[in-house]
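Let's walk through this structure together, one piece at a time. Keep the model in view as you read.

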Amino acid sequence: MKLAKSLFLGSVAGLAAVAGAQAADLPAKKAAAVEYVRVCSTYGAGFFYIPGTETCLRVGGRVRAEFGYVEPNDREDDAIGFRARGRIQLDARTATAYGLLRTFVRFEMTRNTGVYGNDSTSPNVDQAFIQFGGLTAGRVVSMFDNSDLPTGHFGTLRFSDAPNVNLFAYTFSFGNGFSATLSAEEGRYGTLLGTALAEAGQRMPDVVANLKYAGTWGSFQVSGALHQQRSNVLTPVNTPGLDPILYGTIPDTEYGWAVTAQGSVNLPMLGAGDALWLAATYADGALGYLGFGTGAGVTSFGGLRTNINVVDAFIDAAGNIATGEGWSVAGGMRHYWTPTLRQNLFGSYADVSYDGTAVVNIDFNEWRVGTNLIWSPVAGLDLGVEVMYSRLESDTPVLFNGLLGDVDDAWEGRLRVQRDF
């Protein structure tokens, strides 16, 4: 028995040795390389390296749901409306020998009803730009505006409220928080030269320049913009023997301009995150920089509720281009009652004048004041409610609620749920 057991164990050992020797002669198989996603902490939270590259990427987005109320002007006007907006954005950054190379794109899709715009769905390239060293090219916040202002309002205030525009800009950084920017931007218009007049083709972009300081206490920026006005209106020449319809002159080019000072101050002595902001702007022939965009005179949510058109320029009685002028002051304060509950108080005043000579418009002033309360129970989630009151006064009676008058006021309200990620 012992002899049989010894013979059996010896046979097994021999077979194992032969099998091992044969396996050693076979080619070894390499395990497939695995590309692991690495965290990129250079540019803050949420960035990771794109596998196989040195480019850091952050994927983000937003969902906003909003319900709005605006006091109707006439019986046929909507008083309520809904908005749903979805946003997705990509932020890619690469360190190079010439400085940071950044590519940013943000797409939005909005579905509006009622006071927001009946049954309208609007896809939108909200931002799409490239930054390389000091160069910025694409669609981004206008360099006319201080994008660091802690505004926090939902509705409309009358100032240049950081709109996205197409531009080519270069920023010079001087260190210690100081910088200067020169930018060529798409034209920013009020309601062109008027519905009865013709706007000639653009020949130059708006030229914008700023000087900015950003520090731990807050930020401050002064900016200026030059805006071209060209008319295609033929002014008849009453010359004997010539048809005035065929013979006339076209007014020469005029240039509008705007200047602004915008700043903010942090108020940690009141509470963590508290801040105050202020923006003052003057414009002549460039009223779009006061926050009156194309179509601002049409009845719309957040717009003027009368038939007043806010035009940059018009043809005067002498057949020349004349410009409208105006100024605005806007400001507000943010206060945290608790780490998750904050409130914003804000308001604006705007005054627009045509020196009593406009053939398409009238002088007016408008002020707005409002407040909101926002609860953020978890990071990135805002539950907010806002109320705003506006009052418009005109120098000439216009149609308010079916009656001629020179004063109109309205209440607006919004309920918002928003998640950023």
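**A buried pair and a pocket**

Both Cys-40 and Cys-56 are buried, which here means under 20% relative accessible area. Keep in mind that you're looking at a predicted model. These two cysteines form a disulfide, with their sulfur atoms 2.1 Å apart, and the structure holds one disulfide. Look along the S-S bond and you'll find 80 degrees about it, in a right-handed link. So what does the pair tie together? Cys-40 sits in the loop between helix H1 (2–25) and strand S1 (48–49), while Cys-56 belongs to strand S2 (residues 56–70), so the link ties together parts that are 16 residues apart in sequence.

Now zoom out to the protein chain. You can trace one helix and 21 strands in it. Of its 421 residues, 42% count as buried. Take the contacts between residues at least 6 apart in sequence: 59% of them join residues at least 24 apart.

Next, go looking for empty space. Rolling a probe the size of a water molecule over the atoms shows where it is left. The second largest pocket has a volume of about 670 Å³. It is lined by 28 residues, and the closest to its centre are Gln-131, Met-143, Ser-147, Thr-171 and Lys-212. Among the elements giving two or more residues to this lining are strand S4 (99–112), strand S5 (120–132) and strand S9 (206–215). Sort the lining by class and you get eight nonpolar, 14 polar and six charged residues.

Definitions and conventions
Residues are numbered from 1 along each chain as its sequence is written. This is a predicted model: local features need pLDDT of at least 70, side-chain atom pairs count only at pLDDT 80 or more; totals for chains, interfaces and linings use all residues. Side-chain values use heavy atoms; hydrogens and water are left out. Helices (H or I, at least four residues) and strands (E, at least two) are DSSP runs, numbered from the N terminus. Buried means under 20% relative accessible area, exposed over 50%, partly exposed in between (1.4 Å probe, protein chains only). Contact means heavy atoms within 4.5 Å. A disulfide is a pair of cysteine sulfur atoms within 2.5 Å. On a 1 Å grid over the protein atoms alone, a cavity is a set of points where a 1.4 Å probe fits but cannot get out, and a pocket is an open set with protein on both sides within 12 Å along at least five of seven lines; lining residues have an atom within 4 Å of a point. Grid points are joined across faces, edges and corners, and a volume is the space filled by probe spheres set on the points. Ala, Val, Leu, Ile, Met, Phe, Trp, Tyr, Cys and Pro count as nonpolar, Asp, Glu, Lys and Arg as charged, and the others, Gly among them, as polar.
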